[in-house]
Amino acid sequence: MELEASNRYGDDGSSKRTGTWVTASAHIITAVIGSGVLSLSWAIAQLGWIAGPMALVIFSIITWFTSTLLADSCRDPVSGKRCSCYMDAVKSNLGGISNKFCGLAQYVNLVGITIGYSITSAISMAAIERSGCFHKEGHNVGCHVKNNKFMIIFGIIEIILSQIPNFHELSWLSAVAAVMSFGYSTIGLGLSIAKAVGGNQARTSLTGTTVGVDVTSWQKTWNCFEAIGNIAFAFAFSTVLVEIQDTLKPNPPENESMKKATLVGVSVTTVFYVSCGALGYAAFGNNAPGNFLTGFGFYEPYWLIDMANVFIIVHLIGAYQVFCQPIFKQVEDRCFNRWPNSSFIKESPPIKLPLFGVYSFSVFRVVWRTGYVILTIVLAMLLPFFNAILGLLGAASFWPLTVYFPIQMHISREQIRAFSWKWIWLNFLVLLCLIVSVLAAAGSIATIVKDLSTYEPFNSVS
């Protein structure tokens, strides 16, 4: 019996982890190569040939570096117990007040990302319908469609998938989503190359969009800040790093596996990002659309555009789950602890499903998770501003979750002496990234405020 228990449970009494650096890499790629890649040609168009690619490389290095620090902070420094979520890691290393700040930053950001993915998936669904219209009617026809019905379709799919009990059972979905992300990135890359070498050279410059020609000086400033936020969002996966690491088996040590997965994931995505962003800018120049696959920088071959958008939709279906599972776990754990004797919350009788085997059915899980998905869809209908939302989410998550907490936990664990050389340069990085995040948030908010002046709620149109 003891041997059987040891095979079923890990070193902290939880279900035994079976994840490896390969599955963790799939989760990371699913989380990182997301809708952010679609806005990178626009971001580089705002920043230009020098600052654009340089910003991508700098953000990738910072993300990789702080992720390795975070990976080392996922066990309690005193008891050695594994932390199952970001908040637990912060609480173990920094204490209660930091834990509350972390929870606010993480879960607001996770909710925001799921809303952003609902918006992006609907835009891609609408793009498939529009591309068929353009192919039949010509490129000068508007072919506009309303996005709300596509958000509802996406919501129905997510309601079903949200019944997957926990993060440990998402590996297959992340693997499919990772393949999809490579698929649409490669298609976008190929189309950009074809357009760039096919004549009609687009107008580009070392400093990006030209004041007085493409934009006003006011627009140039805010667009550059928003572009930085878009790039920050493109690398956002620290919000779920601890949860991903919690899926890894303890041998080899999970922090070593996570560092390997992080290096692979960030390296692969950086190559894709620089390639897609730079070649997208070369193809479209200073007029690069906000989303280079749904903004119709490409019209033909329409079937290839449709395929790329199908890949985006499938990827975002999986990525939505990667980002909402930590929310589900946090709320459900709190409810279980608050009402331990509630049959509504605790009961989950096994049900045998054809092709899927035995499934633990929970009425509470169905009701709560369905309500959450509906809430994100309604909010997505209210705020369908693709680039501005991505920029704001990137700015909101980058500083606290990617930079501040990993560095402060590292300083605490290593007991780095205040005002020593290492303490100074680590905190200088924290301050520098805070300034960048504030500017990026300001640029995105300025764009949202401008768009709200002409926007009608629940009337989003592609």
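## Basis

The model is predicted, so local features need pLDDT of at least 70 and side-chain atom pairs count only at pLDDT 80 or more, while totals for chains, interfaces and linings use all residues. Residues are numbered from 1 along each chain as its sequence is written, and side-chain values use heavy atoms, with hydrogens and water left out.

## Aromatic pairs

The whole structure holds 16 aromatic pairs. Rings of Phe, Tyr and Trp (its six-membered ring) pair if their centres lie within 6.5 Å; planes under 30 degrees apart count as stacked, over 60 as edge-to-face and the rest as tilted. One of the pairs is Phe59 with Phe398: the ring centres are 4.9 Å apart and the planes stand at 55°, so this pair is tilted. It links distant parts of the chain, with Phe59 in helix α3 (residues 40–71) and Phe398 in helix α14 (residues 386–414), 339 residues apart. Helices (H or I, at least four residues) are DSSP runs, numbered from the N terminus. Phe59 is buried at a relative accessible area of 7%, and Phe398 is buried at 4%. Buried means under 20% relative accessible area, exposed over 50%, and partly exposed in between (1.4 Å probe, protein chains only).

For Phe154 and Tyr320 the centres are 5.6 Å apart and the planes at 80°, so the pair is edge-to-face. Phe154 belongs to helix α6 (residues 148–161) and Tyr320 to helix α11 (residues 302–338), 166 residues apart. Both residues, Phe154 and Tyr320, are buried. One aromatic cluster is formed by Tyr86, Phe101, Trp399, Tyr404 and Phe405.

## Surface patch

Ile50, Met54, Ile58 and Leu206 make a nonpolar surface patch of about 390 Å². Areas come from the Shrake-Rupley method with a 1.4 Å probe. Met54, in helix α3, is partly exposed, with a relative accessible area of 48%.

## His410

His410 lies in helix α14 and is buried at 14% relative accessibility. Not counting residues up to four places away in sequence, His410 touches Leu69, Ser73, Ile416, Lys422 and Leu426, where contact means heavy atoms within 4.5 Å.

## Helix α10

Gly285 follows α10 and has a positive phi, near 65°.

Technical notes. Helix = DSSP H or I, 4+ residues; strand = E, 2+ residues; numbered from the N terminus. Patch = residues over 30% accessible without salt bridge, like charges linked within 9 Å, V, L, I, M, F, W, Y side chains within 5 Å. Salt bridge = Lys/Arg side-chain N within 4 Å of Asp/Glu carboxyl O.
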